[in-house]
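Have the model open while you read.

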Amino acid sequence: MAEFYFNTKTREVEEGKPSSWTNRMGPYPTRDTAQKALQQADARTEAWDEADAEDERA
């Protein structure tokens, strides 16, 4: 089964591990999931930041 990675330097999806680990996010099961990796990471970070802000207010 193929693994897909999102390359944060080139902003492209790669099949396998052709680039350095320092520029890869993944593995992801599909090309589409890898393409959405940054969006998902941004959404999670935003949710965590919001939760941290709520904890600080409590």
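With which side chain does the side chain of Ser19 make a polar contact of 2.7 Å? The partner is the side chain of Glu14. A polar contact here is a pair of N or O atoms within 3.5 Å; within protein, one must be able to donate a hydrogen and the other to accept it, and residues adjacent in sequence count only if both atoms are side-chain atoms.

Some housekeeping before going on. This is a predicted model, where local features need pLDDT of at least 70 and side-chain atom pairs count only at pLDDT 80 or more, while totals for chains, interfaces and linings use all residues. Residues are numbered from 1 along each chain as its sequence is written, and side-chain values use heavy atoms, with hydrogens and water left out.

Back to Ser19, which sits in the loop between S2 and S3. Strands (E, at least two residues) and helices (H or I, at least four) are DSSP runs, numbered from the N terminus. Ser19 counts as buried because its relative accessibility is 16%; buried means under 20% relative accessible area, exposed over 50%, and partly exposed in between (1.4 Å probe, protein chains only). The Ser19 side chain also has a polar contact of 3.2 Å with the side chain of Asn7. Leave aside the neighbours within four places in sequence, and Ser19 is in contact (heavy atoms within 4.5 Å) with Asn7, Glu14 and Arg24.

Asn7 brings us to strand S1 (residues 4-7), where Asn7 and Tyr5 point one way, Phe4 and Phe6 the other, and all are buried. S1 pairs with two strands, both in the antiparallel sense: S2 (residues 12-15) over 4 bridges, and S3 (residues 24-28) over 3 bridges. Pairing requires DSSP to find at least two bridges between the strands. Phe4 has Glu15 as its bridge partner in S2 and stands opposite Tyr28 in S3. The hairpin of S1 and S2 has 4 residues between the strands, and Arg11 in the turn shows a positive phi of about 65°.

Now the charged pairs. A search of the whole structure turns up 2 salt bridges, each meaning a side-chain nitrogen of Lys or Arg within 4 Å of a carboxyl oxygen of Asp or Glu.

| Salt bridge | N to O distance |
|---|---|
| Glu15 and Arg31 | 4.0 Å |
| Asp32 and Lys36 | 3.1 Å |

Glu15 and Arg31 meet through their side chains. Arg31 is partly exposed at 43% relative accessible area. Lys36 is partly exposed too, at 41%, and Asp32 likewise, at 46%.
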